[in-house]
Every structure is written in structure tokens, then in C-alpha cells.
Amino acid sequence: MVSLKAKVGAMTFDKPGMVASGIMDETGPSMVRMLDCGAGAVVSKSVGLEPNAGHANPCFMETEGGMVNAMGLPNPGIELFEEEMKVAVPHGRIVGSIYGAGPDDFRTLAGKMEDYGACTVELNLSCPHAKGYGMEVGTDPAMVKAIVSAVKSAVSIPVWAKLTPNTHILPDIGRAVQDAGGDAVVAINTLKAMVISPEFARPILSNKFGGLSGKALKPVGVRAVYDLRTVLDIPIVGVGGISTWKDAAEYIMAGASAFQIGSAVLTEGPGVFDTINCGLERFMEEYGYGSISDMEGAAHE
Ligand code: SIN
């Protein structure tokens, strides 16, 4: 009998797959639905201090092997988000994703998420297309260290930092999270991307740039997790292009303790969690892995 329980630092999840921030996690009922579909946790849509309408349409485009989005971090603001958390938290593990412009914003937002019952806070240091937020603050190791330290001093729940692949200093950023006492890193967010309409001779998204997610992103994410595993002692949560149990196994063998699924919730439907869980169980039985942690980092040995 194999165990699908996943341990990320001090936190244990009954199932290793979580819903990544941004998909089916804007409202309390959608988060509950995803928990009912076999997700071990749901990471909320990233929430900021004030309500934000996000970018104008078009803000989403399908592309070969994935999709490019520039939603623009739409959310109701942290005060109103309490209503969604009240609905979702009694049903399972909710990771509260937050974005801000610097340590003070993140400290305030994290405190609210803890008050609302989030099991963990995930810092969005990686959105590739939001002016003044996301990767604009998350690619400077000194800023990352200051943000993570500020949040650690304000909350007692675990603090995860979601990192961007749009940098050549990913290991330095990971180290900054670890040095500041961060409990885990989440790798990766989307790759900065663009789609152009030849007919209109213009970028299609209103924001011009967006972030590539989906199957095409997986080898980039697997490489990022592998690299981070070689320099970090804290756990890594893998995300980027996972839609099958094999994808999940690749991330775990690269060094992830758990994984998140985003785009595949759209392309495969919410049943993707149960399908991946069954596939992982069969593989683990056949290849003699008793637990997710037995498989973790296997590709390094
Ligand atoms: C968005 O809302 O634009 C996407 C968020 C992200 O990439 O972190």
C-alpha cells in the first residue's frame, strides 16, 4: 500500500497535488469544488490590498502547447476576500496567495490571510506582467529577503515564495527566500510571452505581454526545480505544465515535495486530480516507491 501524503516542511497534505493560484480559486464555492475533486489544497487567486479590475480584454490567448494570459491580478481586495475564505476554509486546506509592492504590503496581507484561516501564505514574487508587482519585486534578492523576513515576523503560518523563471539568478533568489526564513519555494510561475496577430500587426493581449502556462512550460519548470534542489535545503513545490501523473512524477524526482496544477484544470477538467492521483499510485506500486518522499529528488541520485 503506497501513501500519497505530501509533506512540505511542517505541513502535511493528504494528496500531493494542489490547485495553483489563478484557476478556479477566486471564490469560496470554486475553491470548495476543487477540494471535492481531489486537490490536497487550493492556492487562492493572488489578492492585494485594494480591489483591482485587472487588464482589459483580450487578456487570454490559447497557443501551441499552452496559453498566454495577462489577467492583471484581478481580485476584490483583501478585505472582501474574507467572505470567500469563510466559505472555503471549513472544507480543507487553503493557501492564501498575496501580491504587494514591498515588505509592508506583504506583511499586512499575510496577517489578514492568517486571520482568515489560510494554512499557509504564498507570496507572489513572480507575476511576469504586473507593473510594480510580481517579478518586478521578485527578481531582486535583497528585496525578496526583505519581503520574506517581514512576513515571517508577522505570521506564524508557513511562508512560501512563488518564484519566476524569467531570471538567470533563480538560485540566488531561492537562497534569499531560505536565508530570510522562508518555509518553501514554489517554482515556477509563467514565462513572459507575447502573441502577435499578423492580420492586425499588433500584439493580441491588451497588455501586450503575458505569461505562458500549460504543457509547453513543463521542461522549464522541471529544470528550475532540479536547479533549486541542488542549492536549497527548504522544500520546493513544483508547478508548470503538469497534466498527467508522469509530469507530476518528473517534478517530484527533480526535487519537489508536492505539486500544483493550473492550466490542466481548464484543459483536462477538475477530474485531473483524481486521474493523476490514481496514476501516481499505480506507478509507485509498480516501481517500489512507498511514499512521495521516497520518490523526491530521485533523479539526482
Ligand atoms: C494575472 O492575474 O495576471 C496572473 C497572475 C500571475 O501570473 O501571477
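Start your tour at the lining of the largest pocket, which divides into 17 nonpolar, 21 polar and seven charged residues. Here Ala, Val, Leu, Ile, Met, Phe, Trp, Tyr, Cys and Pro count as nonpolar, Asp, Glu, Lys and Arg as charged, and the others, Gly among them, as polar.

This is a predicted model, where local features need pLDDT of at least 70, side-chain atom pairs count only at pLDDT 80 or more, and totals for chains, interfaces and linings use all residues. Residues are numbered from 1 along each chain as its sequence is written, and side-chain values use heavy atoms, with hydrogens and water left out.

Next, select helix 9 (263-267). With four residues, helix 9 gives the most to the lining of the largest pocket.

Now select the ligand. Among the residues surrounding it are Lys-45, Met-71, Leu-73 and His-129, where surrounding residues have a heavy atom within 4 Å of the ligand. By class, this shell has five nonpolar, five polar and one charged residue.

Zoom in on the polar contacts (pairs of N or O atoms within 3.5 Å; within protein, one must be able to donate a hydrogen and the other to accept it, and residues adjacent in sequence count only if both atoms are side-chain atoms). Show the backbone of Gly-72: one of its polar atoms is 2.8 Å from a ligand oxygen. Finish with Asn-189, whose side chain has an N or O atom 3.0 Å from a ligand oxygen.

Terms used: Helices (H or I, at least four residues) and strands (E, at least two) are DSSP runs, numbered from the N terminus.
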